[in-house]
Amino acid sequence: MLNDITVGQYLPGKSAVHRIDPRVKILLVVFYIVAIFVTDVFWMYGVFAAYVLGAALIAKVPLRVLLRSIKPLLFIVVFTFIMNLLLVREGELLLQVWKIRIYSDGIIYAVRLALRLILLVFGTSMLTLTTSPLSLTDALERLLKPLSIIRFPAHELAMMMTIALRFIPTLLEEADKIMKAQKARGADFETGNIFQKAKALVPLLVPLFVNAFRRADELAMAMESRCYHGGKGRTRMRILTLSWVDAAAVAVNLGLLALLIIFG
Amino acid sequence: MAEIVLSVEDVSYSYASMDEEDVKALKNVSFDVERGSFVAIIGHNGSGKSTLAKLLNGLFLPKEGRVLVLGMDTQDEDLTWQIRQNAGLVFQNPDNQLVTTIVEEDVAFGLENLGILPADIRVRVDEALEAVGMEAFAMAAPHMLSGGQKQRIAIAGILAMQPQILIFDESTAMLDPMGRREVLSAVRKLQQTKDLTVLWITHFMDEAAQADRVIVMDGGRIVMDDTPQQIFRRADELEQIALDVPMSVKIAREMQKNGVELDCVPIGMQALAEAVCRLK
Ligand SMILES: Nc1ncnc2c1ncn2[C@@H]1O[C@H](COP(=O)(O)OP(=O)(O)OP(=O)(O)O)[C@@H](O)[C@H]1O
Ligand SMILES: [Mg+2]
């Protein structure tokens, strides 16, 4: 039951998209997000869709996987679509059924926001599908490092993310074990209403939390034993270097930027 | 006489407790360890072994007495990182000492903390992984490995820091017999080829039997400190402090009860077999 939860959705590969420096990739995704929310021109959404799908093609990410990434957000997309449709009262009145009025601008807003959200999910999914979680945290730390001047805890944040990524599978495994042990003693996690189900989870969560704190204590000892003393004076084994792939990716994005400036 | 790399001088340690009296975990413990030796520390639950281990690399500081690692006092805050780099500590639960999601990144963790240059880290990580025979798993995720493999990664992480002393706090306790043998033989090999000093805390008497020297703890004190031959000769005393003897010694004692006297206390099955062959 808990085995199908995976951390991130990384699909390992060696394509050009995979090989883009994670720092560059994060910045490009940020640019992309800003761009889709800035532009009002409908055919530009087509351009950005083509851009994302092109990247997926190069990275050999199956379309099915990309489409699946919308699933968790489908409700929000549909909900905002309907809200826009019903609540916007500008433009021409197109249709009136009883008290429900649909205006032309309502349709435009609804479609635009839905497209933006879908493109947003596609773009960020491409990032997580083609970059390993460790590279992501690593890149995030390096990008945020300048902010440590204003005491932004870039290193601490990255370390927390790394440890979380490292321990989520371990804790899930443990939860699974405890669950099985309690099922064997007659605990029932599947039937009953939501309150009964939540109550059944208490004897699962208590030992899980107690163990998690013990783990945290031991991990802290182990980290200190290995000379961990925060980000100060720390070096990294991995050196990130820019290559022609990054140059190419940036060039493509400069093209997009030009379109954006010319056509809005 | 060989160089002393670790010396514990009249050390006492107690845990503060809110409601009751402080727990005295170590009482006036003293011993020296020579370079290149393999010292086993045994004692039943709560005898103070883990407390001792944490005092040896400055995780805990002695309330009385002092601990010297290669002549450096653990009390001296300026030397803390140098001491921890030189006296590596491997814990019991392999799951709780691996920090990152990729094996080689984890092995690099200590070196990154020490501020070593990236190119040097690369070399030392590869060497350490090779030394524990895990080079094929450099890019694996820790949670996909077996217990023994995880523990070998933890050892590689310590080894990469190039310590002179390795301290193991029941590092085989959570492993199956296969994993246990795997880890112990990796450590023995390292100790011999790299001239490392090893302190091996364990509950398994068969492991202690392979050491050069055995320290027995009880109630926060050292009660015996001798070669395995001399220690396991005193099976009755060990029994009184809830400790066992190695299987080979047990068999020899049973034989003795049945009237078959061996000419020595056999430490290990090999020694037992030889002693039996010497019988006519
Ligand atoms: N964090 C702590 N706080 C309070 N008391 C502690 C703490 N850790 C250990 N003790 C106590 O100190 C004594 C020595 O414990 P220690 O963990 O060193 O024993 P040990 O020989 O390692 O035992 P084991 O074989 O179970 O690992 C015990 O009486 C224990 O209850
Ligand atoms: Mg212990």
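In β2(B), L6(B) has V33(B) as its bridge partner. The strands involved are β1 (residues 4-15) and β2 (residues 23-34) of chain B, which pair in the antiparallel sense over 8 bridges; two strands pair if DSSP finds at least two bridges between them, and strands (E, at least two residues) and helices (H or I, at least four) are DSSP runs numbered from the N terminus. β1(B) also pairs in the antiparallel sense with β4 (residues 64-69) of chain B, over 5 bridges, and here V8(B) sits opposite V67(B).

This is a predicted model, where local features need pLDDT of at least 70 and side-chain atom pairs count only at pLDDT 80 or more, while totals for chains, interfaces and linings use all residues. Residues are numbered from 1 along each chain as its sequence is written, chains are lettered from A in the order in which they are written, and side-chain values use heavy atoms, leaving out hydrogens and water.

Now for the domains: chain B splits into domain 1 (4-243) and domain 2 (246-280), with bounds from an automatic or database domain assignment. Their centres, taken over C-alpha atoms, lie 31 Å apart. Between them, the two domains of chain B bury about 670 Å², 67% of it on carbon and sulfur atoms (accessible area, 1.4 Å probe, lost on being put together, summed over both). On the domain 1 side, D206(B), Q229(B) and F232(B) lose the most area, together 47% of what that side buries.

The interface also holds 1 salt bridge (a side-chain nitrogen of Lys or Arg within 4 Å of a carboxyl oxygen of Asp or Glu). D236(B) forms a salt bridge with R253(B), with the closest N and O atoms 3.3 Å apart.
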